[in-house]
Amino acid sequence: MKVIEPMKVVLFCGGYGMRMRGGSDDIVPKPMQLVGPRPLLWHVMRYYAHYGHKEFVLCLGYGAEHIKNFFLSYQESASNDFVIRNGEVELLSSDISDWTITFVDTGVESAIGERLRRVREHLDGDEYFLANYADVLTDAPLDTMIDRFHASGAAASMMVVPPQSSFHCVDVSPTGEVKDIVPVAQMPLWENGGYFVLSQEIFDLLPPGGDLVADACGTLAGQGRLFGYQHLGFWKPADTFKERAELDDAYRNGTRPWMVWDRP
């Protein structure tokens, strides 16, 4: 396995996240919804930092002030042990002291592809970079994911996971006769898992206002140049209020497979 060089991480955290809202008065953007004492965004960033990728570019839009204020007033003591000595706080460890975070306004209504286009200059021309929706947690081995992408020779990679739906697919004839009932999770299908490894070539395939998956990745797939890293381990989206609550409950119960940085 080749040595994985640190890459910049682009995080899309500017959408409205309407399905996540706890009510009409809930104005906190989806990436800032809490899992334990920290927001979803922090958990995603901590995952990448664990693998040595500590330069982040945040694509801001709706609720940008919540994200900015969180980091401007960051409290290390919320997730790190510390000692108070002579009235001074001495941290025993730190989360973000060695992180570099670039905050970029990419528009409230922008599609994912357009957000990516608007932060291109902040990638400093790096040949490869990482990207994420900032609302999905996983225990996937990132080094392996990146290594297999490079070995594939593809221009881009996305992590794919089995369908998460609890519904059933029904095979029915035109006359209404049901032929078969199969759980969606057992179908030979894969979903976009939201973890991307991308090359600069992706920008050549993104039209103004375009979409990362439908436009750029779709084109590469048609050319046989999109690699899918198949992950069968833990993967959990937080696209709805219910899903975020389930992650929060798991955190409080001590079931935290996505927190790879806490493993021995």
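A nonpolar core is a set of buried Ala, Val, Leu, Ile, Met, Phe, Trp, Tyr and Cys residues joined through side-chain atoms within 4.5 Å. Buried means under 20% relative accessible area, exposed means over 50%, and partly exposed lies in between (1.4 Å probe, protein chains only). The model here is predicted: local features need pLDDT of at least 70, side-chain atom pairs count only at pLDDT 80 or more, and totals for chains, interfaces and linings use all residues. Residues are numbered from 1 along each chain as its sequence is written, and side-chain values use heavy atoms, with hydrogens and water left out.

**Stop 1: the cores**

Select Leu11, Tyr47, Tyr48 and Leu58. Of the 50 residues in the largest nonpolar core, these four touch the most other members. Which element gives this core its largest share? Helix H1 does, with eight residues. Helices (H or I, at least four residues) and strands (E, at least two) are DSSP runs, numbered from the N terminus. In soluble globular proteins, nonpolar side chains tend to be buried together.

Now center on Tyr48. Leaving out residues up to four places away in sequence, Tyr48 touches Val9, Leu11, His53, Phe56, Leu130, Ala131, Asn132, Leu142 and Tyr195. Contact here means heavy atoms within 4.5 Å.

Next, select Phe129, Ala131, Val160 and Leu212. They are among the 23 residues of a second, separate core.

**Stop 2: the rings**

Show the aromatic side chains. The structure holds 15 aromatic pairs. Rings of Phe, Tyr and Trp (its six-membered ring) pair if their centres lie within 6.5 Å; planes under 30 degrees apart count as stacked, over 60 as edge-to-face and the rest as tilted.

Pick Tyr47 and Tyr195. Their pair is edge-to-face, at 5.6 Å centre to centre with 80 degrees between the planes. The pair links distant parts of the chain: Tyr47 is in helix H1 (residues 40-50), Tyr195 is in strand E13 (residues 191-199), and they are 148 residues apart. Tyr47 is buried because its relative accessibility is 1%. Tyr195 also has 1% relative accessibility, so Tyr195 counts as buried.

Now go to Phe71 and Tyr74. This pair is stacked: 6.4 Å centre to centre, 10 degrees between the planes. Phe71 counts as buried at 11% relative accessibility. Tyr74 is buried too, with a relative accessible area of 13%.

The four form one aromatic cluster.

**Stop 3: arginines over rings**

A charge sits over a ring if NZ of Lys or CZ of Arg is within 6 Å of the ring centre and within 35 degrees of the ring normal. Select Arg244 and Phe241. Arg244 lies over the face of Phe241, at 5.5 Å from the ring centre. Then select Arg256 and Tyr251. Here Arg256 lies over the ring face of Tyr251, at 3.7 Å from the centre.

**Stop 4**

Color helix H4 (residues 142-152). Which of its residues are buried? They are Leu142, Thr144, Met145, Ile146, Asp147 and Phe149. These buried residues pack against H1, E8, strand E10 (156-161), E13 and strand E14 (226-230). Just after H4, find Gly153, which takes a positive phi of about 75 degrees.

Move on to Ser157 in strand E10. Is Ser157 buried or exposed? Ser157 is buried, because its relative accessible area is 1%. A polar atom of the Ser157 side chain lies 3.3 Å from the backbone oxygen of Phe227. Not counting residues up to four places away in sequence, Ser157 touches Phe149, Tyr195, Phe196, Val197, Leu226, Phe227 and Tyr229.

**Stop 5: two loops**

Most residues other than glycine have a negative phi. Select Asn86, in the loop between strand E5 (82-85) and strand E6 (88-91). Its phi is positive, near 55 degrees. Asn86 is exposed, at 78% relative accessible area.

Then select Asp124, in the loop between helix H3 (112-118) and strand E8 (128-132). The phi of Asp124 is positive, near 55 degrees. Asp124 counts as exposed at 58% relative accessibility.

**Stop 6: the cysteines**

A disulfide is a pair of cysteine sulfur atoms within 2.5 Å. How many disulfides does this rule give? The count comes to zero. Select Cys59 and Cys13. The closest cysteine sulfur to that of Cys59 is in Cys13, 6.6 Å away, so the two are too far apart for a bond. Cys59 is buried, at 0% relative accessibility. Finish at Cys169, which is partly exposed with a relative accessible area of 32%.

How values were computed. A polar contact is a pair of N or O atoms within 3.5 Å; within protein, one must be able to donate a hydrogen and the other to accept it, and residues adjacent in sequence count only if both atoms are side-chain atoms.
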